[in-house]
Structures are given as structure tokens and as C-alpha cells.
Amino acid sequence: MWWGYSPALDIQFEVNKSEINYLGKCIEVLIIGASDARHIMKTLASSYLYRDRIVTYNVIESTLEQVARSIFLLSTCLDRNLGLQEATRYYLEIFGNTLVRPASAKYLVKHSNQLADIPTNSIDCPWLSLEKFKHKDKDQLETIFKFWERATRENVPIVKYWDERVRRLLKTRYDYREGVFDWDYHMILKSRGISNLTIQEYRFWRNNGIAFTWLEGEPVRSNPTLLSNIVQHGPGFIHYTYLGDIVNGPFFAWLLQETKHSHIKYRATDIAEREIMRCIHEIKTQEPFCEDLVASHRDSSIVNGTLVTEMPSNDMEQELWERRRNKYKKNNLSWIDIKNHKVIFHPLKSLEVFKHKTEYINKFDFIWIAHNMTEQLPNLIPLIKKGGIMLMELKKHLVELREENLQTFVKELKNTAQKNGLYEISDINAKEHCIARFCKN
């Protein structure tokens with residue numbers, strides 16, 4: 001729910017490498033259900049290679065909480081006031097950890113407080129448009145940001161929520177959960193080509209929801225961006241407990257990138273940190289990334305460790321932070337200039353509405369669809385241009401699915417695509433591939 005299960009893609013690279021020789025100056029992109037902003041980040045990072053090209057990202061997510069998270073994560077990458085490693089670790093912790101370090105929590109409090117003014121247009125955000133949302137949706141986005149600020153200070157018991165989910169899932173196997181986690185890792189994930197995700201990282205995340213750990217600092221503050229169904233209730237808020245993924249993990253969005261040092265073993269955290277750092281560096285400098293910038297922290301001696309061996313005490317987790325009025329100035333938000341790129345969020349119902357609006361017919365050059373949104377394919381065919389590219393996420397990294405389920409999904413996807421006038425750009429292997437590539441006839 002909160003992250004994707006396929007690697008971040010450079011959309012401009014995908015367009016250029018297709019059989020269709022695309023020479024247009026403007027690219028209209030539609031991203032459906034990605035759950036995070038990874039494709040936008042990856043494409044922004046390579047924008048210095050295509051300086052004259054204008055890209056418009058039209059994004060549809062299942063919930064407003066996912067929209068808010070994407071805005072927060074993108075804003076973190078574009079924030080002029082953050083250092084490279086600082087922004088990278090803020091991003092990864094808020095992206096994939098139930099608990100974050102105090103420094104990350106303070107940034108979450110501060111930045112949520114600032115972003116709460118964007119939906120109401122109190123702050124101008126040149127790279128973002130929310131104009132397609134109704135006023136009630138904008139008000140709800142404001143509520144979500146305000147809830148994050150308050151919930152981080154009050155430290156909601158998200159690890160308790162996580163444990164309750166694990167207990168409900170495993171039932172009588174809960175006392176033997178380490179064996180369950182080991183089985184899922186060794187018998188399923190390892191057989192699907194996951195080389196840099198260590199058993200220690202995976203097992204630690206399955207136990208408590210902490211995916212990314214470092215030597216510096218201890219995660220002790222809750223991350224409320226992973227909570228759902230946030231509603232304003234009088235002076236406070238109502239929210240559901242943790243409803244997201246507790247089986248697969250947030251590793252696959254950045255773990256699968258190839259490296260010239262593929263013979264060296266790294267943790268998933270190290271690979272993800274390098275790739276996020278690469279994106280932020282290239283977005284800010286418009287220059288290629290130097291691998292030496294991140295070499296120092298990747299010590300082979302810590303490959304088989306999680307760096308955090310114990311959970312914080314309840315007193316540390318539940319400590320309250322008082323709100324300091326007027327502490328954060330609203331006008332000190334400053335983003336990197338990405339004038340040739342624009343992110344436009346649309347409400348979920350747009351999937352049914354677009355096909356009836358002439359301005360969206362044959363509009364998009366590129367469409368990306370999450371694995372759980374492929375049933376929307378018939379609604380999307382009228383929207384893509386002839387010769388346009390459509391990429392669909394496969395279910396390779398879903399632990400709960402067996403090989404026959406993966407094969408069945410690919411077979412059904414091929415049949416649906418063929419019936420709707422799409423042809424395969426390349427062969428699809430359910431066991432090896434994360435993405436299926438199609439083109440419109």
C-alpha cells in the first residue's frame with residue numbers, strides 16, 4: 001500500500017529505448033497506483049540528459065494519504081536546505097520505517113507543518129498542481145499533514161499496531177514467526193533473484209516494520225505517514241491502525257538497481273541509500289553521480305547485521321514532544337528549480353471519467369500501471385496515443401503468491417492487453433521480470 005514492488009524507472013529512458021522513435025519535445029505521462037514517487041524521482045534525476053524536453057506527470061493514487069506521502073517525499077528530494085546524506089536518510093526512514101531517528105522525526109514535524117499550507121494555496125509550489133481535486137479533498141490533504149505533525153510529537157504506538165497485524169496474520173504460528181520469516185525469505189524471495197536483501201534485514205522488518213538502519217542514531221519515534229483513514233474529529237483526529245504491507249517490504253523500489261561492483265555484497269539499505277543519494281545529487285547538481293561519495297559507509301563487516309538489535313523502551317517510544325507555536329516559518333520552503341517538469345495529482349475517480357473527456361483521449365505518451373490496478377486497462381486504452389508505451393507492474397516480489405499465481409497473472413495480462421489493442425515490446429517472464437512492456441497499435 002505504501003510502496004511499490006518494482007524498481008524506479010527513468011521514464012525518458014524507457015521512451016527513448018522503445019521501438020517507437022520518439023522525438024517529441026513534450027511527454028505526457030500517466031502514473032497509476034505507484035504508491036510512491038520513485039518514477040518521478042528517477043526521471044528528474046536524468047533530466048540533465050534531456051534539457052529541452054518538457055515532462056508532465058499525471059498521477060492517480062488510491063488514497064489521499066498516498067498522495068500526501070508522495071508530495072512529502074518529492075519535497076524532501078527537492079529541498080534546497082537539506083544536505084545530500086541528510087535528505088537521503090530522511091527519505092528512506094519516512095518511506096519505509098515504522099520508527100525513525102529523532103532527527104528525522106523533527107524534520108517530519110517541521111515539514112508536515114509547512115506542507116499543510118500547500119493544499120490551501122497559502123504557499124506556492126511551482127512543481128505541483130492539486131487543481132484537479134475538489135475543495136474537500138484539498139481540505140483532507142491539509143488534515144493529513146496536520147495529523148502527521150501532531151502524531152509525530154505525540155508518538156502514536158505504531159509498533160504496537162504492527163505487532164497486532166502480525167498476530168492476526170500468523171495466528172497460532174506467531175510464537176514461531178522467526179521460522180515463518182526465514183521460510184519466506186529462503187524459499188520464495190531468494191529463488192526470485194533477490195541478492196542484496198539480507199535475511200537479517202528482512203527478518204527485522206517483518207518483526208517491527210523497520211527496514212533501513214544505520215550505525216548513526218537509533219529509531220525511537222513513530223512514523224505516522226504509514227497510518228490510514230485519517231479524519232479530523234473536533235480538535236483532534238481519528239485514524240485506523242497500520243493497514244499496510246507486513247509481508248513483502250519496501251526494499252524493491254530501489255534494491256534492484258545494477259551496480260558495477262556487483263561482486264561485492266551490500267545490504268539492501270546500502271543499495272537503496274546509494275540510489276536515493278544518486279537521484280538527489282543529480283536533481284540538485286544536474287551532473288552525473290560519483291560512486292565514491294557513498295563508498296565510506298558500505299563496510300562489508302556489517303553485511304550480516306541490522307545495526308539495530310533491540311527495540312527502544314516503551315518510555316522512549318511514548319515520550320511526548322510539546323508543540324512550540326510559531327516555531328516554523330512558512331516562507332522558508334525552498335525547492336530546486338525543475339521548470340520543465342510538473343506533477344499533477346488527479347482523484348481516483350478520474351480513471352472512470354477520463355475516457356469520456358475529449359481532452360484526455362489520445363493524450364498520453366506513456367502510462368505506468370501498478371499490479372493491483374491492471375483491471376483498469378480497458379479504461380486506459382482510449383487515453384494513450386497510437387504508438388504510446390504502457391508499462392504494467394508484475395507480481396514477482398509478492399511473497400504470498402506462488403509460481404503458478406505469477407504465471408496465471410502474466411497469462412491473463414497478456415490476453416487482456418491483446419484484446420485491447422496492445423502488443424508486447426519484449427517477452428515477459430513471470431519469474432524474472434518485474435515489468436511488462438506494451439505498445440499501442
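**Entry 1: Ile-230**

I started at Ile-230, which sits in the loop between strand 5 (221-222) and strand 6 (231-233). For the record, helices (H or I, at least four residues) and strands (E, at least two) are DSSP runs, numbered from the N terminus. The model is a predicted one, where local features need pLDDT of at least 70 and side-chain atom pairs count only at pLDDT 80 or more, while totals for chains, interfaces and linings use all residues. Residues are numbered from 1 along each chain as its sequence is written, and side-chain values use heavy atoms, with hydrogens and water left out.

Is Ile-230 buried or exposed? Ile-230 is buried, because its relative accessible area is 1%; buried means under 20%, exposed over 50%, and partly exposed in between (1.4 Å probe, protein chains only). I also looked up Tyr-240: Ile-230 and Tyr-240 are 10 residues apart in sequence, and their C-alpha atoms are 7.1 Å apart in space.

Next I traced the open sheet, in which eight strands follow the order 4-8-2-1-9-10-12-11 with mixed pairing. Strand 4 and strand 11 (422-424) stand at the edges with a single partner strand each, so one side of each has no neighbour in the sheet. Two strands pair here if DSSP finds at least two bridges between them.

I then checked strand 2 (residues 54-60) and strand 8 (residues 341-346), which pair in the parallel sense over six bridges. Asn-58 stands opposite Ile-344 in strand 8.

**Entry 2: strand 9**

How many residues of strand 9 (residues 364-369) are buried? I found that six of its six are, so to speak, under cover. Strand 1 (residues 26-32) pairs with strand 9 in the parallel sense over four bridges, and Leu-30 stands opposite Ile-367. Strand 10 (residues 384-393) also runs parallel to strand 9, joined by five bridges; there Phe-366 has Ile-389 as its bridge partner.

Ile-367 itself counts as buried because its relative accessibility is 0%. Ile-367 and Gly-388 are 21 residues apart in sequence and 8.0 Å apart in space, C-alpha to C-alpha.

**Entry 3: Lys-132**

Last, I went to the loop between strand 4 (128-129) and helix 6 (135-154), where Lys-132 lies. Lys-132 counts as partly exposed because its relative accessibility is 43%. Lys-132 belongs to a surface patch of positive charge together with Lys-134, Lys-136, Lys-349 and Lys-357. Patch members have over 30% relative accessible area and no salt bridge, and like charges are joined within 9 Å. A salt bridge is a side-chain nitrogen of Lys or Arg within 4 Å of a carboxyl oxygen of Asp or Glu.

How values were computed:
Patch = residues over 30% accessible without salt bridge, like charges linked within 9 Å, V, L, I, M, F, W, Y side chains within 5 Å. Areas by Shrake-Rupley, 256 points an atom, 1.4 Å probe, with all protein chains shown as cover. Lys, Arg positive; Asp, Glu negative; His and termini not counted. Charge placed at Lys NZ, Arg CZ, Asp CG, Glu CD.
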